[in-house]
Amino acid sequence: MDRYVSPIDERTLEPLARAPRLASLDGAVIGLLDINKPRGEQFLNRVEELLRERGVAEVVRLRKPTFTRPAPDDVISLADRCGAVVEALAD
Amino acid sequence: MGTAPPFTLTDTSGAVHRLDALHASGPLLAVFAERDCPTSAAALAALRDTGGNLVVVSEGSPEAARELAGLAGGRTVLVERAPYPVSAAYGLQTVPTFVLVSAGGDEAERAEGWDAEAVARMLEAAGGDPGRIATDLPSLKPGCQARNTYDEATGLRLEAEDRAALASDGVDEMWERGWHDGLPTVPPTRERVRAMLGGRDPGEELGKVPPAMGLLTMERLAACAVLAGCDPSYFPVVEAVARAALEPAFNLHGMQNTTHPAAPAIVVNGPVRERLGMNGGSNALGFGNRANATIGRALRLVMALTGGGTPGGLDQSTLGGPHKWTLCFPERQEASPWDPLHVDKGFAAGESVVSLYCTEGPAMISDHYSQSADQLAATLALGLAGVWAGAWYPLAAETVLVLCTEHAKTFGDAGWSKQQVRERLFELSKRSVGELKATGSGELTPLITYAQDDGAVVSKFLSPEEIVVVVAGSDAGRFSAVLAPWAGFGLGSTPVSRRVEA
């Protein structure tokens with residue numbers, strides 16, 4: 001038995017699995033998450049243009065109510081239908 | 001040879017041993033040894049599995065004796081403290097010294113240092129198996145000078161040194177485990193954590209600590225309090241602080257992640273301040289008081305270790321600040337002309353309360369020469385107007401103004417209420433939109449300020465009540481301080497106050 005009491009919840013040390021990468025953008029549904037920082041929209045508008053040029057079937061625009069807090073459940077559930085999500089930190 | 005001098009010594013677990021009892025059932029091999037002597041250590045390791053009626057007498061501190069007990073396997077190790085009267089009675093010159101005591105209590109043989117042949121002979125007489133002596137030692141190896149031959153002061157110093165050396169072991173391990181905040185921590189041994197818990201249920205869950213979402217149990221909180229250096233008497237305050245910090249309104253998640261230097265600032269009110277000897281006087285916001293420093297630090301360690309907020313990892317603060325180690329102070333209620341903060345918030349004066357704000361580090365505002373409350377208010381308003389960025393209007397979040405006692409007295413003597421102070425600061429911090437735009441600063445609150453006409457006038461605050469006034473500091477000096485908030489308009493953190501349960 002360890003002679004010390006750990007301040008750490010060991011479960012938080014396990015690395016999270018990365019989402020599977022997309023093999024191709026062709027016909028993909030891509031989410032663009034604006035975390036609601038100034039000028040994030042400008043960045044994502046350009047990303048949307050580039051994605052459409054590359055054959056993406058649908059772009060889902062998502063927006064957090066504020067950058068200071070985690071995304072609420074309704075935003076996360078919208079992201080569930082996307083093959084991949086691009087998040088704009090901005091400023 | 002003659003009679004072996006009788007002695008009574010305690011072993012490393014505190015049990016008392018008398019020499020006559022040790023040789024009552026047959027010859028005894030007594031090994032005088034010392035932890036810092038390599039020959040002693042090698043000899044005890046060599047005799048680990050030989051069996052026989054063997055006892056070790058350790059010259060030095062109990063900690064040193066315990067280390068020898070580790071080398072000697074299950075052997076009894078007796079603790080011989082400075083000035084080493086038993087060693088002196090045996091006329092000891094060297095460690096290790098092997099003394100064979102017959103069943104009748106006489107000294108039958110003695111060897112100094114490591115003498116393989118003599119040790120084997122004596123061990124056999126004491127019922128051990130010389131064939132099981134495991135050693136790479138040569139047949140003869142000299143020992144070290146016995147501690148009883150030093151003067152008493154040297155003996156005491158040597159004991160103090162080996163205690164200190166052993167006590168530091170756990171500290172080094174804290175660095176290796178990453179259980180620190182950049183300063184040394186106190187190892188959270190099970191005994192210390194149990195003392196910190198003071199009978200509380202170690203498994204009680206207080207909630208998950210963002211952003212890593214580690215579960216904070218009462219036991220983990222106690223571990224953080226131990227690491228921080230808290231005395232167990234602080235733990236009720238630490239618990240109240242942790243529960244307040246975990247309220248969703250306080251938004252620990254964003255506070256941990258943000259590039260802003262935001263950190264919890266803790267104001268303590270009520271009788272617990274005196275009970276714990278907290279410092280609301282000179283250096284109230286600074287260093288030197290254990291309760292101030294370690295209560296705030298315990299929350300930081302919860303955030304960094306249980307919550308995973310490590311610099312450049314899940315804590316992305318651009319510059320951070322020294323307040324991120326700890327910023328916890330009691331209001332100096334006795335030097336205030338007004339009701340204390342917790343009474344303003346609706347608590348009873350006799351209750352002890354912690355109030356948490358999410359702030360930057362303290363920014364000083366000096367005013368030594370104002371003769372009137374009006375002049376002082378003007379100085380303070382200029383200081384308040386400059387926080388975040390001079391053109392950032394309004395803050396739209398509660399902002400803590402720590403008034404030094406002389407500034408508070410100036411207002412009190414003029415008959416100003418706390419509310420009057422707030423209202424005046426609210427008015428005096430107003431600027432025209434045109435003036436703010438003229439700074440050329442891009443750092444303007446865009447929608448509600450920048451979009452207005454140049455002639456419109458805006459205050460640094462949405463209301464006078466956004467200015468939170470508390471009193472602290474020594475009797476002398478006219479330095480107040482502002483603790484600027486994190487993001488405003490309800491986006492950042494909402495202050496939380498919580499009663500301390502005794």
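## Close-up views of a predicted two-chain model

**View 1. The contact between chain A and chain B.** In this predicted model, 25 residues of chain B and 12 residues of chain A make up the contact. Several elements of chain B each supply at least two residues to the side that touches chain A: α7 (190-197), β13 (214-217), α8 (218-228), α10 (252-257) and α12 (290-306). The largest share of that side comes from α8(B), with 5 residues. By class, the side of chain B that touches chain A holds 14 nonpolar, 8 polar and 3 charged residues.

**View 2. Helix α8(B), buried along its length.** How many residues of α8(B) are buried? The count is 11 of 11, and the helix is mostly covered. The buried set runs from Met218(B), Glu219(B), Arg220(B) and Leu221(B) through Ala222(B), Ala223(B), Cys224(B) and Ala225(B) to Val226(B), Leu227(B) and Ala228(B). Against which elements do these residues pack? Their partners in chain B are α7, β12 (205-209), β13, α9 (235-245) and α12. Gly229(B) follows the helix; its phi is positive, near 100 degrees.

**View 3. Ala225(B) and the largest nonpolar core.** This core has 102 residues. The members that touch the most other members are Ala225(B), Val237(B), Val238(B), Val241(B) and Val302(B). Ala225(B) is one of the buried residues of α8(B). Leaving aside neighbours within four places in sequence, Ala225(B) is in contact with Met196(B), Cys230(B), Tyr234(B), Phe235(B), Val238(B) and Ala298(B). Another core lies apart from the largest one.

**View 4. Strand β4(B), covered on both faces.** Strand β4 (residues 54-59) of chain B is mostly covered, with 6 of its 6 residues buried. Which residues line each face? Leu54(B), Val56(B) and Ser58(B) lie on one side, and Val55(B), Val57(B) and Glu59(B) on the other; all are buried.

**View 5. From β3(B) to β4(B).** Strand β3 (residues 28-33) of chain B runs parallel to β4(B), and 5 bridges join the two. Val31(B) stands opposite Val56(B) of β4(B). Between the strands, the chain passes through helix α2 (residues 38-46) of chain B, and this β-α-β crossover is right-handed.

**View 6. From β4(B) to β5(B).** Strand β5 (residues 76-80) of chain B pairs with β4(B) in the parallel sense, over 5 bridges. Here Val56(B) stands opposite Val77(B) of β5(B). The chain reaches β5(B) from β4(B) by way of helix α3 (residues 62-71) of chain B, in a right-handed β-α-β crossover.

**View 7. Chain A, a spread-out chain.** Chain A has 2 helices and 3 strands. Along the sequence they follow the pattern β-α-β-α-β. Why is chain A more spread out than a compact globule? Its radius of gyration is 17 Å, well over the 12 Å that the globule rule gives for 91 residues, so chain A counts as more spread out than such a globule. The C-alpha trace of chain A spans about 60 × 30 × 20 Å along its principal axes. Of its 91 residues, 19% count as buried. Among contacts in chain A between residues at least 6 apart in sequence, 77% join residues at least 24 apart.

Notes
Residues are numbered from 1 along each chain as its sequence is written. Chains are lettered from A and ligands numbered from 1 in the order in which they are written. This is a predicted model: local features need pLDDT of at least 70, side-chain atom pairs count only at pLDDT 80 or more; totals for chains, interfaces and linings use all residues. A residue is buried if 20 or more other C-beta atoms lie within 10 Å of its own, exposed if 12 or fewer, and partly exposed in between; C-beta atoms are placed from the backbone. Helices (H or I, at least four residues) and strands (E, at least two) are DSSP runs, numbered from the N terminus. Two strands pair if DSSP finds at least two bridges between them. A crossover is right-handed if, with the strands pointing away from the viewer, the path from the first strand over the helix to the second runs clockwise. Two residues are in contact if their C-beta atoms, placed from the backbone, lie within 7 Å. Ala, Val, Leu, Ile, Met, Phe, Trp, Tyr, Cys and Pro count as nonpolar, Asp, Glu, Lys and Arg as charged, and the others, Gly among them, as polar. A nonpolar core is a set of buried Ala, Val, Leu, Ile, Met, Phe, Trp, Tyr and Cys residues joined through C-beta atoms within 7 Å. The radius of gyration is taken over C-alpha atoms; the globule rule is 2.2 Å times the number of residues to the power 0.38.
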